[in-house]
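Visitor: Could we go through this structure together? I would like to begin with the backbone and then turn to the ligand.

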Amino acid sequence: MKQRLVFLGPPGAGKGTQAILLCKKQGLLHLSTGDLLRAEVKASTPLGLEAAEIMNKGELVSDSLVLSIVEKRLSDFNGGWLLDGFPRTLPQAESLEILLKQIHQPIDAVVLIELKDEVLIKRLLARGRSDDDEAVIRHRIQLYKEKTAPLVDHYNKQGLVNTIRGDGDIEAIASRIEESLK
Ligand code: B4P
């Protein structure tokens, strides 16, 4: 199976849910920038204090801040990995490319999980995290369309994108993803 993966998709598509399952099964390093940022917030680090306000408004944390988090973890790691929720902007994708070139670890595949806006909103309202307020969710979906969706084209040009339907039960989606990565 492919070993160096990026999960793309709108907020609530199930990136985190599916990433946890796949990493456990395949022994991949799971790097979720959302989880890493929430851990910084919880520990009240200077980085966390800066990120908390931005995340609760549904905005994107600055590229440089997110990059510093990812770089630290990928630079001295040699096994397979899954980047969940990163990159989220073209500048993040470009910086990632530079880093991956330096460490000779190219991306093997990008998994794009797609789901309708109404279902995304329903799922996130049911999750109820501090940034899962309806107005904030709508703003996050809008930002996804503006800032993150252009990455689909970017990675399509490199022939890396596997598009997966994000509806249905969790196991069915997991099978679709695994099948696409063989
Ligand atoms: P993330 O933590 O990445 O979270 P997300 O996009 O909201 O959710 P995800 O798609 O992972 O959905 P999940 O599996 O949880 O981002 C949060 C914030 O962090 C961003 O808004 C931003 O501020 C910041 N951030 C993170 N990365 C950044 C970056 N690179 N640059 C800048 N800022 C960044 O699933 C959602 C819900 O659906 C869950 O409750 C789950 O149980 C449920 N669910 C999953 N699959 C389901 C299914 N098949 N059926 C029914 N329910 C399902």
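Predicted model: local features only at pLDDT ≥ 70, side-chain atom pairs only at ≥ 80, totals over all residues.

Visitor: What phi does Ser 44 have?

Guide: Ser 44 has a positive phi of about 50°, although Ser 44 is not a glycine. Most residues other than glycine have a negative phi.

Visitor: And which residues does a cis peptide bond join?

Guide: The cis peptide bond joins Phe 86 and Pro 87, with omega at about 0°. Most peptide bonds are trans.

Visitor: Where does Pro 87 lie?

Guide: Pro 87 is found in the loop between β3 (81-84) and α5 (90-102).

Visitor: Let us change topic. How many residues surround the ligand?

Guide: The ligand is surrounded by 30 residues. The closest are Thr 17, Thr 33, Glu 59, Arg 127 and Arg 140.

Visitor: How do the residues of that shell divide by class?

Guide: Twelve residues of the shell around the ligand are nonpolar, nine are polar and nine are charged.

Visitor: Which element gives the largest share of the shell?

Guide: That is α2, which contributes four residues.

Visitor: What about individual atoms? Which side chain has an N or O atom 2.9 Å from a nitrogen atom of the ligand?

Guide: That side chain belongs to Gln 92. Backbone atoms also come into the picture: an N or O atom in the backbone of Gly 16 lies 2.9 Å from an oxygen atom of the ligand. For a backbone N or O atom of Gly 14, the distance to an oxygen atom of the ligand is 3.4 Å.

Visitor: How much of the ligand's accessible area does the protein cover?

Guide: On its own the ligand has 1,000 Å² of accessible area, and the protein covers 86% of this.

Visitor: Which pocket is the space taken by the ligand?

Guide: The ligand takes the space of the largest pocket. Its volume is about 910 Å³.

Visitor: Which residues lie nearest the centre of that pocket?

Guide: They are Lys 15, Arg 88, Arg 127, Arg 129 and Arg 140, out of 45 residues that line the largest pocket. Among the elements that give two or more residues to this lining are β1 (4-8), β2 (29-32) and α7 (134-148).

Visitor: And the classes in that lining, what are they?

Guide: The lining of the largest pocket has 18 nonpolar, 15 polar and twelve charged residues.

Technical notes:
Residues numbered from 1 in each chain as written. Heavy atoms only, no water. Near = heavy atom within 4 Å. Polar contact = N/O pair within 3.5 Å; in protein donor to acceptor, adjacent residues only side chain to side chain. Areas by Shrake-Rupley, 256 points an atom, 1.4 Å probe, with all protein chains shown as cover. 1 Å grid on protein atoms, 1.4 Å probe; cavity = no way out; pocket = protein on both sides within 12 Å on 5 of 7 lines; lining within 4 Å. Sits in = over half its atoms within 2 Å of the grid points. Nonpolar A, V, L, I, M, F, W, Y, C, P; charged D, E, K, R; others polar. Points joined across faces, edges and corners; volume = space filled by probe spheres on them.
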